[in-house]
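Dear colleague,

Please find below the structure that I am handing over to you.

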Amino acid sequence: MAARPRVMIVGGGLAGLAAAMKLAELEVDVDLMSLTPVKRSHSVCAQGGINSVNDQTRQLGDDEWKHFDDTVYGGDFLQHQPPVKEMAYWAPPVIDLMDRLGVTFNRTPEGFLDRRRFGGTLYKRTAFAGATTGQQLLYALDEQVRRWEVAGRIRKFEFWDFLAPILDEQGRCRGCVAQDLVTMEIRSFPADFVVLATGGCGLIFGRSTMSMVCTGSAVSRCFQAGAKYGNGEFVQVHPTAIPGADKLRLMSESARGEGGRVWVPRKPHDSRDPRQIPEEERYYFLEERYPEYGNLVPRDIATREIFSVCVQEGLSVDPDRQAVYLDLTHIPRAELDRKLGGILEIYEKFQGVDPRDVPMKIFPAVHYSMGGLWVDYERTADGGLVPAHPKNQATSIPGLYAIGECDYQYHGANRLGANSLLSCIFSGLFVAPGLADQLENLTGGVASELPAGLFESARRREEERHAELLSRDGGGENPYLLHQQLGDIMTRTATVVRHNDQLAEAIEQVLELRDRADRCALSDTGNWTNQNVVFTKSLQDMFPIALTILRGALMRDECRGAHYKPEFELPGLTSDDPAERRRQAEQWVDAFVEKNRKWLKSTIACWNADRRDIDISYEDVDTSLIPPRPRLYGLVGAETIEEVWRERQQAMAEPTGEAAGAPAGT
Amino acid sequence: MAEPQSKPASIDSFEVRILRQEAPGRASYWERHRVDYEPQMNVISVLQKIAAKATTIDGRSVTPVAWDCNCLEEICGACTMVINGRVRQACSALVDNLLQQEDPNEIRLEPMSKFPVVRDLMVDRSRLFRALEKARAWVPVDGYYELGPGPRVSPEVQEQAYPLSKCMSCGCCLEACPQYTKVELTRLSGETDEEFQQRKRATYDQSFIGAHAISQIMLFNMHPTGKHEAAARLDQLTAPGGIQICGNAQNCVAVCPKEIPLTTSIARAGRATTAHVIKKWFDR
Amino acid sequence: MAEPTPQPTFFQRHEFLIRRLHSLSGLIPVGAYMCVHLMVNASLLNSPASYQKAVYQIHSLGSFLPIVEWGFIFIPILFHAIFGVVIIAGGLPNTGNYPYKANIRYTLQRATGVIAFFFIVYHVFHMHGWFHWDWWLDNVARPLGGARFAPYNAASTLTLAFRGVVIPLVYAIGVTSCVYHLANGIWTMGITWGVWTSPAAQRRATAVCGVFGLLLLAVAFGSWSGPLRTDPEDARAVEQKMYNAKVASGELDPQQAEHKRASGHLGEETAAAATEDSQQSNGGATKSH
């Protein structure tokens, strides 16, 4: 009897589980590998909700196209548009499916799904389950996967660390090597396709809002094996997080919305109890700098100001930890409990301090990696995707696919709120039929029947790396301290505000850290549940991605989405004279067009094994469906620029001129 | 709860005592560490410091303590351990509270006692997930093609279901349950991996299913589609290891970090199984 | 080679049913019987005659009595006790680390169950002698201080058997345990069978069961204090009159009734009881005649 083909899915978050479940339905045998029991994946942390057009918004004028438009606009047009369009059109059926799977979405009195508005859109598109939507969605998929596991279709390998893809002589992926985190056994897993669904890489920044498994190591190992990486420099930072010694925990922005005031003591690191600091010694920097908006400045401005007050101006409230005060103590307790009860409880639980009495300490935190493994797609004539096409979600390594947060495809330069859960489930469901079809007529036979030598040598390579680390003498570098230093550098230079001199310096420092990480010595040299060696390996594999982020950021001389370089900002209009103002607007638009000509491109990083560094190139973006337009929110003179922009658009004889690009990846 | 954020003024470091065990079947032993005090630490950051330092209170170099964690937001369920004798999540156990309210001298960390120790504070909770298989804790949908929206659900039912659906399989309810006892098997010589796994599953299935799984059964029996398999789930609740083992100590609900009304689920399950068994008796 | 997968034992396979029967037997018949028993005994507070009358009523079952005794009392108690031990063996009380109210009650339920079991075994031996066979009663039970209760001399034999400090103390502890075990058992039973489900309902049930327990405890101590306040000689006189009347009316056949009467004279019994007491309690208070 011929061996049946298998698909290996690495990562058990929303994307991995969705793919596993869909493949199982298509009668494909699936192996599902994860660092943790899949039910504990990072997707559980998503609080907000999941977007889709729905019957109610439709009647208010909403449609899939608008959801698509909001997503590419929010992403500053850096995404290829066909996959985003496909996702927007899939959103309503995705939510229907999750509803059928028993997700405990909030309900209207009549029993329909309740919806709310989320940032970046005018419509109530977001379905939600309390404040734990990600958890509820993940559990629904986890349950279905468990059902298939009982049926024998899916095998789970939990507490396994993905070490490397296995490539045959033609460079096609034929499986992967992985290590059992308990027994430390290293094993080869033949697989006809490997699907990476391993999420973001927040731990490169030391502490972030991400979970401890989000080291990006699996992605880095594929990157080092030759997979291309896209848009690495685009990292979303959430403006308000609770800084903890171990991680940064999300604090909803509604605290600012309900009247919270942001301030720091004028005296750096004033050690007095904040309640004892008199008004005149407090620096309400948002209110002073933006008298019109005050504390309600847009999210990205709030992020940058809080960041620069602490990092550039050294006014952090703590000497050893960056933070500003978010003060709610002037608001009556009853009102706080009514409006912000749940959020304040989270703060109280993890900080042990009641924010109704004492100002909260908050700081921006790395939250989401827009960048990720470069993946392909096949475009239809009308700008959607060809279903079940082998190219959909395929990385540049044949046979290796990437879905979810670890691909670069859906969020461009910045991610729209409540779109991440959608992109994960969508890409997981969407990749499956293409794989199932290809398994029907595999060229070159089933992976498990290939000569054992291929798998054995791949395994041996990883054994050697492992054994070499364990056999080192003591006295070397401490991986935990190196990780802290890497995180400090990355957070300081490559998050909210980026400066070329700082980035260049950071690259040098990171290269030095990389070399030091090569000399790590382990405090545990045993071969049973050795978390020390596992961490050290993942630390070493953080450097290729860290360099991708830094070099990408250094080279991209513009502002786009989450990538902000003050030197290259297009300033607002300064003149009050109408004619001069008009001239400035013309100039602004010229600069905008030029900026897009130069920079509306995906950053593509490739690993250069000889230099142990990265090479960067650029690819055009398919913006054929919605022409890029300026984002003018909050900019001085926005109306005039808008006017000029509109006139030029009308003047253009052919509506799809230079902006249209070819589909990527050919 | 207007707790001041003060720390015990005199403290600049504190002691942590950890019950360690190198591997299954090995003897466990206590190890003492001294950790520098910082404001607003939790037990995870204590363990991180201990891992980075890897030196005991008397200056001996030791291997870093192994423990399990992931989200650090008390929503993934990974970092459950016994802290000062009581089971809870390490991420939401704050050092200030432990020192001020429980024991000013030291913090005691032990692995959960109801699951086999893998190493140090890491335990093997596969029995817990096996219980979810046994409970058939899923909605038996036809498939994942586009088949329109799910059944309508009233807000009342949603409000009843939502708290139950927050169960993160952390195992606190099982650790604190006096009726849930440890099952630890060792592989026999000559037994293949597959055979060992099968024996484990069979043994787990005969042992108490636990509060979390009973609650999941009530959750899925409440769902309009999940209901279709209600009888099969209730059969599991009356099978060996079923709800009958519950002794109503109600520790489960007291220690649940997600405040899931586990005892309500258990009582409802009691009612449902009563009706189910009588119905089966008279209907067959 | 494959290790055979473990098969569930008979107990495991039928554990749900057994546990439900265990739960039920605690209320009916065991708990219900206990209530009746305590109330009957409390009637001694009214007068030895009331008590004797009640005992006559029970014993009017005649030769069916052992069947009722074993079928509805002893066997259910033994069933409840034996599976109770199995249940207790399956748990690991942990009130040290988890000193919550319900957990303490859980542990107390098990502790009182064990106490109640030993107490009932002793109590039945002490009063009843366990078996009705003459050989057993004459050669084993009575020499060991058991079978002290004579149904047709109910109040007087009871009173004489209830002398000293040790025995009343044992009875006080035993009866309190039984009452707690029943009251708390009804509360857990309500959860087990799904009568009260929500925390609020369970709190209300706690209050109701608590009041029930206190009332029953009052009855229990009423019946406990009965023999302490009864003069055996007066009682014996009343019993004799009642006996004579029953014999005269033909309701009792003296031949068959003999083994239900106190043997020997009251004086001897008193003396015997006194000696026993002084041995047991190192000179406990005894009544002089």
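Chain A has an average pLDDT of 93, and 97% of its residues score at least 70; pLDDT is the predictor's confidence in each residue, from 0 to 100. Over residues 657-666 of chain A the pLDDT is below 50, and this stretch has 18 contacts in the model beyond near neighbours in sequence (contact means heavy atoms within 4.5 Å). Where pLDDT is low, the predicted coordinates should not be read in detail.

As to conventions, this is a predicted model, in which local features need pLDDT of at least 70 and side-chain atom pairs count only at pLDDT 80 or more, while totals for chains, interfaces and linings use all residues. Residues are numbered from 1 along each chain as its sequence is written, chains are lettered from A and ligands numbered from 1 in the order in which they are written, and side-chain values use heavy atoms, with hydrogens and water left out.

Domains of chain A

The assignment for chain A gives domain 1 (6-234 + 370-461), domain 2 (238-363) and domain 3 (468-603 + 629-651); such bounds come from an automatic or database domain assignment. The C-alpha centres of domain 1 and domain 3 of chain A lie 24 Å apart. In chain A, 37 residues of domain 1 are in contact with 39 residues of domain 3. Between them, domain 1 and domain 3 of chain A bury about 3,300 Å², 60% of it on carbon and sulfur atoms (buried area is the accessible area, with a 1.4 Å probe, that two parts lose on being put together, summed over both). On the domain 1 side, Ile204(A), Phe205(A) and Glu233(A) lose the most area to domain 3 of chain A, together 23% of what that side buries.

Three salt bridges are counted between domain 1 and domain 3 of chain A (a side-chain nitrogen of Lys or Arg within 4 Å of a carboxyl oxygen of Asp or Glu). The side chains of Arg221(A) and Asp541(A) form a salt bridge at 2.6 Å, N to O. The rule also finds 16 residue pairs in polar contact across the interface of domain 1 and domain 3 of chain A, both residues at pLDDT 80 or more. A polar contact is a pair of N or O atoms within 3.5 Å; within protein, one must be able to donate a hydrogen and the other to accept it, and residues adjacent in sequence count only if both atoms are side-chain atoms.

The elements that give two or more residues to the side of domain 1 of chain A that touches domain 3 of chain A are α3 (64-74), β7 (160-167), α6 (217-224) and β11 (229-230) of chain A. Helices (H or I, at least four residues) and strands (E, at least two) are DSSP runs, numbered from the N terminus. The largest share of that side, six residues, comes from α6(A).

Chain B against chain A

In the interface of chain B and chain A, 75 residues of chain B are in contact with 75 residues of chain A. The area buried there is about 6,300 Å², of which carbon and sulfur atoms give 52%. Gln40(B), Asn70(B) and Tyr144(B) supply 13% of the area that chain B buries against chain A, more than any other three residues. Five salt bridges are found across the interface of chain B and chain A, and Glu110(A) and Arg152(B) meet in a salt bridge through their side chains (3.5 Å, N to O).

Domains of chain B

Chain B is assigned domain 1 (13-119) and domain 2 (125-283), with C-alpha centres 30 Å apart. About 1,600 Å² is buried between these two domains of chain B, 57% of it given by carbon and sulfur atoms. One salt bridge is found across the interface of domain 1 and domain 2 of chain B.

Chain B against chain C

The contact between these chains takes 40 residues from chain B and 37 residues from chain C, and chain B and chain C bury about 3,200 Å² between them. Gln206(B), Gln244(B) and Asn248(B) supply 17% of the area that chain B buries against chain C, more than any other three residues. The count between chain B and chain C is zero salt bridges, but 18 residue pairs are in polar contact across their interface.

With kind regards
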